[in-house]
Every structure is written in C-alpha cells, then in structure tokens.
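Dear colleague,

Please find below the structure that I am handing over to you, with its sequence. My findings follow directly after it.

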Amino acid sequence: MPKVRNWQINREMDYPYEAAFPERQFAFVINTNRCIGCQTCTMACKSTWTFSKGQEHMWWTNVETKPYGGYPAFWDAKLLKLLDERNPDKQVWEEKTFRGQTIFEGAPPHGSRVMGYLPTDQDWATPNLYEDNAVGPKGEVDKLHETGEQLPVHKTWFFYLARLCNHCSYPACLAACPRQAIYKRPEDGIVLIDQSRCRGYRKCVEACPYKKSLYRPTTRVSEKCIACYPRVEGKDPETGGQRMETRCMAACIGQVRMQGLVKMTKEGDWAEERQHPLYYLVKVAKIALPLYPQFGTEPNGYYIPPRWVPRDYLFQMFGPGVEEAIERYRVPDRELVAVLQLFRRSNRIIYRYEIEEGPKVYESEFHGKPFTLYDDTVIAFGEKGEELFRTKVEEPFLTRPDKHINWV
Ligand code: SF4
Ligand code: SF4
C-alpha cells in the first residue's frame, strides 16, 4: 500500500492511493464553546439538499449532544472500540505523533481496505437522541461512562458537537469505493460521489469513520454533503461571482462557524498564509483541532474544544493539542480576540484579514494571567483582495431615537 504523509498524526501512514492534493482545500472551524444547539445549521442544510423522498433519514450536517448523543447512534464510541481492539496498547500518542493504527492500517487483512462498520437502520432512526442530556443510560453496552462525568461544581457536563463531512485529505469513503465513484476535486478538495457510477454497495457508508456518507433507498445510490459547491464556486446569483460559505455556515445563529479555502503545499500541508483566518486559528494560534485525528483521514473540519469538559475525553476526541488550545482560548491575546470577531459577519469566504489597532478598553486577570482588551478593528478581504467588511472588538453602543418609527 502506498505511504502518505499525514501531518495531523505527524507521521507517514498507509493509504490505498498515492497522495494528491488540491490547490486549495475546503476547510472549516467550529467554536464548540459558543454553539447553542439551535439546529439552524441542520435545518438550513436539510431544507436545501435533503428534503426529498428517500432522504427522510438523511442529515448531511447535524448537531449532537456529547457525550451520549450521536448520529448514527454511538458512531464514534463504536469505531473507537474497534480501533482499541486493533491497537492493543490503546490509542497511543507520543507527544504529537500517533503510534497506534489508523482505520487504513487496521483494515482486516482480506477484503475491506478500511476498518469500519455499517450502522443499522435503528442507528440512523434517532438523529438527536440524548439532546441536552448529560447523563447516559446505565447498563448499556455503548455508554461511555458508568455514571456520567463528574465536575466539582456542575457534577455533569455536555456540549454540542456540530458535524458535517470533513472533505478529508485522505477520504475513507473514496478509499473504500470499489467503483471509483468517489473523487476529490483538484480545485477545492471537495469530496463528491458520482451518482452515475455508484451502484449502492454502501462501502463508503461502512468506511467513513464520521458516518457522513449515506445510502438513499429510493435511488439505490449513496449521497453525501457536497459542501454547497455552487456557493463555494461563487455561482450563487446573490453574490455577483464572489465565493460564498456553505448554507450551514452562513445560517449559524451562534456565530460559531467559519469556512474557507486554504492553500496547500505539494507535500499536503497547509501553505503559510499568515493572514488567512483559518491558517491563523489552526496553525498559528493552534486553538482549533481536528476531530479524531487518530482515524487517519486528515479531516478538514477543526474545532475549538469546549473548555468545561474533562480533558481525557477531549484528548481522545481532538488529540494532543487540547490543553494548549483551551489555555489560549481562555486567556486570548490581542490578535486572537480580533480574529474571533470575523465569525459570521458575512456569508462571503474570507481569504485574508488585517487588524487596525484601537484604544485599550479593559484590563484584568483571568486564570492567573493578565488580560487586556483593545477596541481593534478587524478587516476581512475576499479572493481578489476586495474588502468584504470591517468590524470592531467592542459592540457598538446604539441609542434608539426618542420616537420609534412605529409609535403614533
Ligand atoms: S468525512 Fe467521511 S464522507 Fe466525508 S470525505 Fe471524510 S471519509 Fe468521506
Ligand atoms: S446554527 Fe450554529 S449555534 Fe446553532 S446549532 Fe448550528 S453550529 Fe450551533
């Protein structure tokens, strides 16, 4: 099997095909600390792409309540269990390097190219079971903890995990497809299923560790998130050619999602773009981490981890960068505060930002560290260098006029 370089696990790994990287890669960051579980993103996707007959059970994007929620049910707990069986020393990280087997390396010796499982109809039937529920069922096989996690103050915890296809750099769905019906676009890394080639064998459904490829019984072929590619291409008539973020990103009420296109090197890492907001969050500030990097697909969705959740749980979910990411997020520096203001001020894709310094407005100490707030202005630019918007750190203070327009 060819060897490819996976920077998220900091080593080479087996993958059924030679590495091939797009010019730019579709990527996104979701801030779990601010997600309110409103499901606006879920419904934005549903009402755009999966409202037809045979798609009733399909949620290309969904928001599940961790630790017990999952769509399909217990998708991650089930795969982690399989991985544990393949990794006798459990999932070992040595510093930033994953030493266990990925889902490609742990594939059964004969047959499948990827370790996975096919969820049952029952697993797909309850997309938001355990919503807002911090305590799992007692005595069930797939529960994660005996009595729920304990925190000194709250006793229990949960958080919302918003999910969609990660348009992985090493897609498991693509690797497993015997018809070569799945492809990764060279221009933006979006992973698509060619409906005319698919024969509905469901190998992709079995292989995708995130369970984001789904089978449609009415057409007997598989479907998945298409990253709203007409919007990303700038084909939506609303924007006059400017590239636009996906529906789930643009609709986010909590302003927790940002999606963009990051430049790739020939070796498959992100090319340095210091002023690109996603590059800054993932590679410079390092506060956004991939979901289950140990699976090995190099997912292009990144999460700012929830700061109130036990660290061993987060370590398993986001890998070894968790502590540092939470520390930086809890006491953000000047640049990070400014960049966080870029989330959801516009539905256009941001390629670059600049910061204009403003006055100091607040000073304090958080978690034993000094914190200073400046009312800086952050400016977002599009693909051709055009200014998309500018926004300030401090919310503007608006006073209503004496007489409102609806007053008589
Ligand atoms: S998340 Fe799953 S469906 Fe999406 S590209 Fe990765 S392996 Fe394929
Ligand atoms: S729209 Fe935003 S805040 Fe609401 S559930 Fe989705 S990610 Fe969370």
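Predicted model: local features only at pLDDT ≥ 70, side-chain atom pairs only at ≥ 80, totals over all residues.

Two strands are said to pair if DSSP finds at least two bridges between them.

Strand E18 (residues 377-381) runs antiparallel to E19, and 5 bridges join the two. In one of these pairings, phenylalanine 381 has glutamate 387 in E19 as its bridge partner. As a general point, the strands of a sheet pair through backbone hydrogen bonds, either parallel or antiparallel.

Another open sheet has 4 strands in the order E12-E3-E14-E13, and here the pairing is mixed. Strands E12 (257-263) and E13 (289-290) are at the edges, each pairing on one side only. Between strand E3 (residues 24-31) and E12, which run antiparallel, there are 7 bridges. Isoleucine 30 has arginine 257 of E12 as its bridge partner. Helix H8 (residues 277-284) lies across E3, E12 and strand E14 (301-304), and runs at about 90° to E12.

Helix H10 also deserves attention. Which residues of helix H10 are buried? They are Val322, Ala325 and Ile326, in a helix that spans residues 322-330. Seen down the axis of H10, these buried residues fall within an arc of 95°, so they line one face of the helix. The elements that cover the buried residues of H10 include E13, E14 and helix H9 (311-318).

Finally, I turn to the ligands. Ligand 1 has 14 residues around it, of which Cys165, Cys168, Pro171, Cys173 and Cys208 come nearest. By class, the shell around ligand 1 consists of 8 nonpolar, 4 polar and 2 charged residues.

Ligand 2 is surrounded by 16 residues, and the closest are Cys35, Cys38, Cys41, Cys252 and Gly254. Helix H1 (40-49) and strand E7 (159-163) are the elements that give two or more residues to the shell around ligand 2. That shell divides into 11 nonpolar, 4 polar and 1 charged residues.

With kind regards

Definitions and conventions
Residues numbered from 1 in each chain as written. Chains lettered and ligands numbered in written order. Contact = placed C-beta atoms within 7 Å. Axes fitted to C-alpha atoms, helices over the stretch in contact; angles between N-to-C directions. Near = placed C-beta within 6 Å. Nonpolar A, V, L, I, M, F, W, Y, C, P; charged D, E, K, R; others polar. Buried ≥ 20, exposed ≤ 12 C-beta atoms within 10 Å, placed from the backbone. Arc of directions from axis to C-beta.
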